Amino acid sequence: MHKKNIKDKIKKLREIIGKERSVVVAFSGGVDSSVVAKISYEELRDRAVAVTINSEIFPKRDLEISKKIAKEIGIEHIILEHSDLNDEKFVENPVDRCYFCKRKEIEMINDIAKKEGIDSIAFGVTISDFGEYRPGTIALNEDKSSLPLVEAGIGKESIAEIAKELGLSNFALPSTTCLASRIPYGERITYDKLKRIEKAEIFLLELGFSQVRVRNHMDLARIEVEEEEMGKLFLWKDKIVSELKRIGFVYVSLDLSGYRSGSMNETLKK
């Protein structure tokens, strides 16, 4: 995208966020929420707070990234501890699982906003998110949460360039989602499954893969990597199979379609 267009989008974002008296940013440490947190802090200073909800479904690697980026930005960073596994509706893993998770997230962040005397809460949702199956966006609409990236017309195609222009060190960070998104709808979510998935993905990332998903199908691991990195996976085949079986998987497979966001939603099309 042309640099002038990037600067125009940043200017628009500043105007939108600058109108707020104060804001709590739902902060995962990903590129989208980092852009919102960066602009919020620059425009509102101590009237902006970032909140990260740490639970069993939030990868610990992402938690550390959120701490690092919040420190870089300079924004006050609050980490709330929470257990999604206490919510039976979530644990049952229905197709609208994300709705229940997002409702709880909004409730917790609203509590912080009231406690801190802050007027609004903002989420790093982009216009691209509305083109995918995301039940969580229904909860955002119900709450009338602030969606500055949507209001500014910003999608996934430009968010990395915006983050780079703003000087965010995580501008090239691959997209991440909660660990529960690796478990097929209808298959019960458990602590052991989440930990097994997280350990497997950390292992593969440490081998040098740029983007990884380990989908948990009962005892089978379905690995998704970028198509151009599949060859490298075969080079490490024995080591990968050995480690994933040690972690607890019985079968280890490669998805020949490669990495794609929300691949579990493909079953919904049927």
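A residue is termed buried under 20% relative accessible area, exposed over 50% and partly exposed in between, computed with a 1.4 Å probe on protein chains only. The structure is a predicted model, in which local features need pLDDT of at least 70 and side-chain atom pairs count only at pLDDT 80 or more, while totals for chains, interfaces and linings use all residues. Residues are numbered from 1 along each chain as its sequence is written, and side-chain values use heavy atoms, with hydrogens and water left out. Helices (H or I, at least four residues) and strands (E, at least two) are DSSP runs numbered from the N terminus.

Leucine 44 belongs to helix 2 (residues 31–44). Because its relative accessibility is 2%, leucine 44 counts as buried. Contact is taken as heavy atoms within 4.5 Å. With neighbours within four places in sequence set aside, leucine 44 is in contact with Ile17, Gly18, Glu20, Arg21, Ser22 and Val23. Its C-alpha atom is separated by 17 Å from that of isoleucine 112, 68 residues apart along the chain.

Isoleucine 112 is among the buried residues of helix 5, which also include Arg97, Cys101, Glu105 and Ile106. Helix 5 (residues 97–116) has 20 residues and reaches 29 Å from its first C-alpha to its last, close to the 28 Å expected at 1.5 Å a residue; the expected span is 1.5 Å times one less than the number of residues. The cover over the buried residues of helix 5 includes strand 1 (23–26), strand 2, strand 3 (76–81), helix 4 (88–91), strand 4 (120–123) and helix 6 (136–143). Just after helix 5, glycine 117 adopts a positive phi of about 70°.

Strand 2 (residues 48–54) contains threonine 52, which counts as buried because its relative accessibility is 1%. A polar atom of the threonine 52 side chain lies 2.6 Å from the backbone oxygen of phenylalanine 27. Beyond neighbours within four places in sequence, the contacts of threonine 52 are Phe27, Phe58, Leu63, Ser66, His77, Ile78, Ile79 and Leu80.

One cavity of 30 Å³ or more is present. The largest cavity holds about 50 Å³ of space and is lined by Ile16, Ile17, Glu20, Val23, Val36, Ser40, Ala122, Ser146 and Pro148. Helix 1 (3–18) and helix 2 each supply at least two residues of this lining.

The second largest pocket has a volume of about 210 Å³. Its lining comprises 17 residues, of which Arg61, Asp62, Thr176, Glu201 and Leu205 lie nearest the centre. Two or more lining residues come from each of helix 3 (60–73), helix 9 (191–206) and strand 5 (212–217), and helix 9 gives the largest share, four residues.

Helix 9 itself has 16 residues and reaches 23 Å from its first C-alpha to its last, close to the 22 Å expected at 1.5 Å a residue. Its buried residues include Lys193, Leu194, Glu201 and Phe203. Helix 3, strand 5, strand 6 (220–225) and helix 11 (237–247) are included in what covers the buried residues of helix 9. Just after helix 9, glycine 208 takes a positive phi of about 110°.

How values were computed. 1 Å grid on protein atoms, 1.4 Å probe; cavity = no way out; pocket = protein on both sides within 12 Å on 5 of 7 lines; lining within 4 Å. Points joined across faces, edges and corners; volume = space filled by probe spheres on them. Polar contact = N/O pair within 3.5 Å; in protein donor to acceptor, adjacent residues only side chain to side chain.
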